[in-house]
Amino acid sequence: MILSMTGFGAAEVENDDYKVHVEIKSVNQRFLETNFFMPRILFAAEDSLRRTVKKYAARGKFDARIALSDKRRRNISVKVNKDLAIAYHNALNEVSDALRLPRVTDVAQIAAYPEVFAAEEEFNLPGAEEVLLPAFARAMENLCAMRRAEGKNIYEDFAARLDTLKKLTEELKGYSPVIVEQYRERLKKILAEFLPQDAAEELKEASQTRIVQEVAIYADKVNFDEEIVRLNSHFDQFSAIMEGSDEPVGRKLEFLLQEMNREVNTVGSKANNFAAATLVAEIKNELEKLREQVQNIE
């Protein structure tokens, strides 16, 4: 099955104590990467969230944004930094004496200075994971549903491009004997230009024998039937992998595309013909489009 690496999923779960909203998006990435944007109080659950991602995906970059609402009545206390308040008071008195200004008598003025007061809140959230983990798993399921839908579209694109590649390759195959025959005619023309009209019969026969030898050597040099056979084999393997199991197939397809490009480059070096070279360029263009699309799948 083809799975896209691009997707988005959201979910919300709440109970009497907490409400959790999760949004997860994924994009292309060679390996698996997860990033969490959530309140510090939830950091202890990060390992559990990472394990959840691994259950659903093998590759891709996942960014998860989690919002938590605590509906309980919380215990909040305010602590006074007495030493700092006294230090502020003494400093203000020094300024007052130096500038001959009235002393500060309002405690609220001193309390307004930084860090004199500090609010302390209970950061124990018992039972929060009972809401967080189901919400996260549900968001991942929704994301994967989108990845499967996108994967179906990619599968159809792969199938269409493979059909095009098979047709182009079959057409290219027909140029192998044409290239040899063109070479034969070129040799005959060259010999005809340089061989005297009244040349002896033995010389003419020797020249024909030489042509046969040269054509045989050339035919072996430019023959790309083996490359065509291997290309078709790679196309069949590509199709089989597309139809295969639910395991990630992106890396397997990347490897096959490398092999296809290698075979096509070999054909291109052998196909000494304008029409054949044009077909090779079209095949390479289709392979490049396949390669770009494979970067989008898991």
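## Overall make-up

The protein chain has nine helices and six strands, where helices (H or I, at least four residues) and strands (E, at least two) are DSSP runs numbered from the N terminus. The model is predicted: local features need pLDDT of at least 70, side-chain atom pairs count only at pLDDT 80 or more, and totals for chains, interfaces and linings use all residues. Residues are numbered from 1 along each chain as its sequence is written, and side-chain values use heavy atoms, with hydrogens and water left out.

Of the 298 residues in the protein chain, 34% are buried. Buried means under 20% relative accessible area, exposed means over 50%, and partly exposed lies in between (1.4 Å probe, protein chains only). Among contacts in the protein chain between residues at least 6 apart in sequence, 82% join residues at least 24 apart; a contact means heavy atoms within 4.5 Å.

Four strands make an open sheet with mixed pairing, in the order 1-2-4-3. Two strands are taken to pair if DSSP finds at least two bridges between them. Strand 1 (7–14) and strand 3 (32–37) are the edge strands; each has a single partner strand, so one side of each has no neighbour in the sheet. On average, neighbouring strands of this sheet are turned by 15° against each other, direction ignored. Axes here are lines fitted to C-alpha atoms, for helices over the stretch in contact, and angles run from 0 to 180 degrees between N-to-C directions.

Strand 3 pairs with strand 4 (residues 60–70) in the parallel sense, over six bridges. Asn35 has Asp63 in strand 4 as its bridge partner. Two helices lie across strands of the sheet. Helix 1 lies across strand 3 and strand 4, at about 140° to strand 3. Helix 4 (residues 129–173) lies across strand 1, strand 2 (18–27), strand 3 and strand 4, at about 155° to strand 1.

The buried residues of helix 1 are Ser48, Leu49, Thr52 and Val53. Viewed down the axis of helix 1, the buried residues fall within an arc of 145°, so they line one face of the helix; the arc is that of the directions from the helix axis to the C-beta atoms. An α-helix has 3.6 residues a turn, so residues three or four places apart point the same way. The buried residues of helix 1 pack against strand 3, strand 4 and helix 4. On the other side of helix 1, Asp47, Arg51 and Lys54 are exposed.

Thr52 is in helix 1 (residues 46–56) and counts as buried because its relative accessibility is 13%. A polar atom of the Thr52 side chain lies 3.0 Å from the backbone oxygen of Ser48. Not counting residues up to four places away in sequence, Thr52 touches Phe136 and Ala137.

## Thr34 in strand 3

Thr34 is in strand 3 and is buried, with a relative accessible area of 12%. The side chains of Thr34 and Arg50 make a polar contact (2.3 Å). A polar contact is a pair of N or O atoms within 3.5 Å; within protein, one must be able to donate a hydrogen and the other to accept it, and residues adjacent in sequence count only if both atoms are side-chain atoms. Leaving aside neighbours within four places in sequence, Thr34 is in contact with Arg50, Val53 and Phe62.

## Nonpolar cores

A nonpolar core is a set of buried Ala, Val, Leu, Ile, Met, Phe, Trp, Tyr and Cys residues joined through side-chain atoms within 4.5 Å. The largest has 30 residues, of which Phe158, Leu172, Phe238 and Leu253 touch the most other members. Helix 4, helix 7 (225–242), helix 8 (250–270) and helix 9 (274–294) are the elements that give two or more residues to this core. Helix 9 supplies the largest share, seven residues.

Leu253 is in contact with Ile2, Phe158, Phe238, Ile241, Val294 and Ile297, leaving aside its neighbours within four places in sequence. Another core, of 25 residues, lies apart from the largest one; Tyr18, Val22, Ala57 and Phe62 are among its members.

## Positive phi in two loops

Arg100 has a phi near 55°, a positive value in a residue other than glycine. Arg100 is in the loop between helix 2 (82–99) and helix 3 (107–111), and at 79% relative accessibility Arg100 counts as exposed.

Glu115 has a phi near 70°, also a positive value in a residue other than glycine. Glu115 lies in the loop between helix 3 and strand 6 (117–121), and counts as exposed at 63% relative accessibility.
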